[in-house]
Structures are given as structure tokens and as C-alpha cells.
Amino acid sequence: MHLRQAKRLLGRLLKEANPRKNAQAAIYNGIQDIKYPDNVKVADYRSDTFSTPSQQMRQVMFEAKVGDDVYGEDPTVNELESKGANLFGKEAALFCASGTMSNLLAVMTHSDQRGCEVIVGDESHILMWEQAGAAQIAGAQLRTVTNKSNGTFDLNEMAAKIRSNKVKFLPRTSLVCIENTHNSCGGRVLPIPWLKQLGEVVKSFNLPLHLDGARLFNSVVYYGLPAADVVKECDSINLCLSKGLGAPLGSLLVGSSNFIEKARYLRKVIGGGMRQVGLMAAAGIYALDNMVERLREDHEHAYAIGKAISECRSPVITVDMEGVETNILLIQMDTRYVKSDEFCRRLSTVTDEELKGANPTAVKILPWSPSIARLVVCCNNTVEDRLATIEKVKSVIWEMDKRAQGREPTSIRT
Ligand SMILES: *Cc1c(COP(=O)(O)O)cnc(C)c1O
């Protein structure tokens, strides 16, 4: 084989081996940072991290009492931390700058010896989206178990991957992590019976269980159970205040007093010792008091948009409604006809034709993989957004269906 041919083949193989590459680059390349004419309605469903603090939330931030939190003297941070601990039925909590920091601290604190290995799902946020912080900062190795489509994994597979600490060739398993709701699986809620079984297995190995509960309250309102019941099996929990709960920043790490004391020490070295941060903690307190029940509205919006898509009965663009449990909607497409980046680009484009119509709308969502686009609802999204979005999505699907009808499936382009 000639060198040129070999190079071309290698290029193709690499591309095929990494089908997420292009879609994931698109997520952060700002492809949808588009300026629209004033009469265009923009419905932005890229992420619940886009949620903005309400007027009332800003007011409590303005009025917050503050002190130096590194000295433990910020009364508002202290109030938020004890509120978080009580809410989850645990002893203590720690205010962190972000969910990434909170998860990293959990891994660091639970893995305080050399040679540690942490078990995570292969679709987990800790593995996929946190810059390998477990490796580069905590010095721990991640070992994956295969995530099922509902965010769980096989408990036998997990048990088989826990190392014996008696063999001197092996790393030592220090921690098992789960995610609820599960982001990459489409906001799926982990079944309570599975959580109970998992808790028993993990305990039988004498290991701690960490929950990445960035969107834990989305599952709590779905179950209709007290938060403390949902996290009973978990030794530590990360909760994001800055997603659906609408605070500008912050996450809580929750666990035993001993665990939080160690995590508080480590927070300082990774730059998380913040000073008059009661301004932000006030938003967190407001969020826990006022923003939890309203997550149901986000779930309703996601469900309604999903239902409208599935009612199109499109052969090209579909939604598995059984998987739509919370505020995240995964829209599937037949990549022989359209790939997710094209679908997303079309939704965010307003044509001249549409501009002349009654309700020109741009819908922003993100390509998640070539065959999946992800739509996330948060408190920014109104009922009007939802109605306009349904109209726009229906007309784009109609367009894609029509195009597909006149076309044989092309061979899969890479
Ligand atoms: C967003 C998110 C995080 C990280 O939170 P940041 O505040 O963005 O660092 C962790 N886990 C999951 C599941 C998330 O969705």
C-alpha cells in the first residue's frame, strides 16, 4: 500500500473510532452564537447552566450578611452548609465553587492513599467532562463499568471490578461513583430499588459510595420522596446550585463531619477557599427554598416538546418517550439522512421565509453525538418558548422528512 493511501485509511479509521469528536467540538465552538433580528424569538435549550438568577434571588444576594469564609466566619455560608446537610440527612456540607470542584474533592478525600482506583460509569460526567481531574490532581485512576441507557450499571460487573487489597500487584479500589439524574443518559432517574441493591453491594466491600447529584433535585421531584431518602445509600453527594436551581454559581459537597473536615482542608489547596462568598451562598439558600418544586415545570416542558416530536412519526427524527423523565430530551436521528450538527444548525437558523411569517423562532440545542441532539430545559424557558419551539421543530422535521423521501439513504459519510 502506498503511503498516501495508508494515511487516508488511518485518517478514516481514527474518525470512525471517535464518532463523538466532531459533535463535542461543536458544543464548545460557539457555533450558535448568532445575532438575530429583533422580531425573532430565541428559545435557548443548550443547557440548564444557562439559568439566570431571578430578581428575588438577586435581592437576597444583595442583602446577605458576609464574613471571611476561610476563617469559617461567613454566617450565610454556614447557614447554607447546615441547611444542605440537614436536607440530605448527613452531618456536614461544604460550599464549593463548582460541581467539578465538588466531585474532585470527593475523589481526593475518599482516595487519600497512593495507588487508588475509582469506579465510575463509562458515560459519567466525572469520566467524560472533568478533564481527568481524578488523574491529574487527585492522583487516582478511573475504572469504568458500562452504563445502561437508564444511567445504572450491572452490579455483577461492578463487583467483578473491585480489586482485592491483599494482592500487591493491584491498585486499591477506594470509591464507587454514580450519577443521578444521569446527564449523558438523558436526565434519567436511577431506580430506587437499584440504589438500595447497589448500596448493599458497595457496603459489603467496605467501600464508600459517592453520588454526583448535579441534578439530584430533578430526580427528587420525580420520585416525590424526601431528598434524605434518595441519598440514604450514599456517603458523599455533590449537588449543583447553578443548574436548574438557578444560582449563578456553587455546589454543595455533603457527607459525614469527618469527610467534610478533610475535604475542607483540601479545598484550600485547589483554590477553593473563598472569602465573602455569602453573597453566593445566599443565592443557594434561596434556590433550595424556592426553586426545587418548580423543576416540575421544566420536566413538563421537556415532555411536551418530546411528545410533539414523537407525534410527527418521522422516520428520520425520533424521541424515545420512555426515557424522558426530567428536564433533558435526547433527540435521535437517522444519520443516513441528517446528522445532529446539521439538525441543530437548522433549528437555530431563521430563513427569509420564516422571517416573513408570523412567529420567526430560533431554537438553540446542542449536538451530543452525530445521531443525538440534546435539549435541556431550565427556569429561563417559558411556556411561550415551548409553544414556539414545538412549531419550529415540527416544521424542521417536516422539511427533513421530505428531503429524506426524495433520497435514497446515502452511504454513511464521515
Ligand atoms: C454540570 C455537571 C457537573 C459539574 O458542574 P460544574 O459546576 O459545571 O463544574 C458534574 N456532574 C454533572 C452530572 C453535571 O451535569
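How far does a polar side-chain atom of His125 lie from a nitrogen atom of the ligand? The model is predicted: local features require pLDDT of at least 70 and side-chain atom pairs pLDDT 80 or more, while totals for chains, interfaces and linings use all residues. Residues are numbered from 1 along each chain as its sequence is written, and side-chain values use heavy atoms, without hydrogens or water.

View 1. The separation for His125, from a polar side-chain atom to a nitrogen atom of the ligand, is 3.4 Å. The protein buries 85% of the 370 Å² that the ligand exposes when taken alone (Shrake-Rupley method, 1.4 Å probe). Thr100 places a polar side-chain atom 2.6 Å from an oxygen atom of the ligand. For Gly99, a polar backbone atom is 2.9 Å from a ligand oxygen atom.

View 2. Of its 13 residues, Gly99, Thr100, Asp212, Arg215 and Lys243 come nearest. Helix H5 (residues 99-110) supplies the largest share, 3 residues; helices are DSSP runs of H or I, at least four residues, numbered from the N terminus.

**View 3. Ser257 in helix H12 (residues 257-269).** Ser257 counts as partly exposed because its relative accessibility is 35%, between the limits of under 20% for buried and over 50% for exposed (1.4 Å probe, protein chains only). Leaving aside residues up to four places away in sequence, Ser257 touches Glu91 and Ala92 (heavy atoms within 4.5 Å).

Terms used: Helices (H or I, at least four residues) and strands (E, at least two) are DSSP runs, numbered from the N terminus. A residue is near a molecule or strand if one of its heavy atoms lies within 4 Å of it. A polar contact is a pair of N or O atoms within 3.5 Å; within protein, one must be able to donate a hydrogen and the other to accept it, and residues adjacent in sequence count only if both atoms are side-chain atoms.
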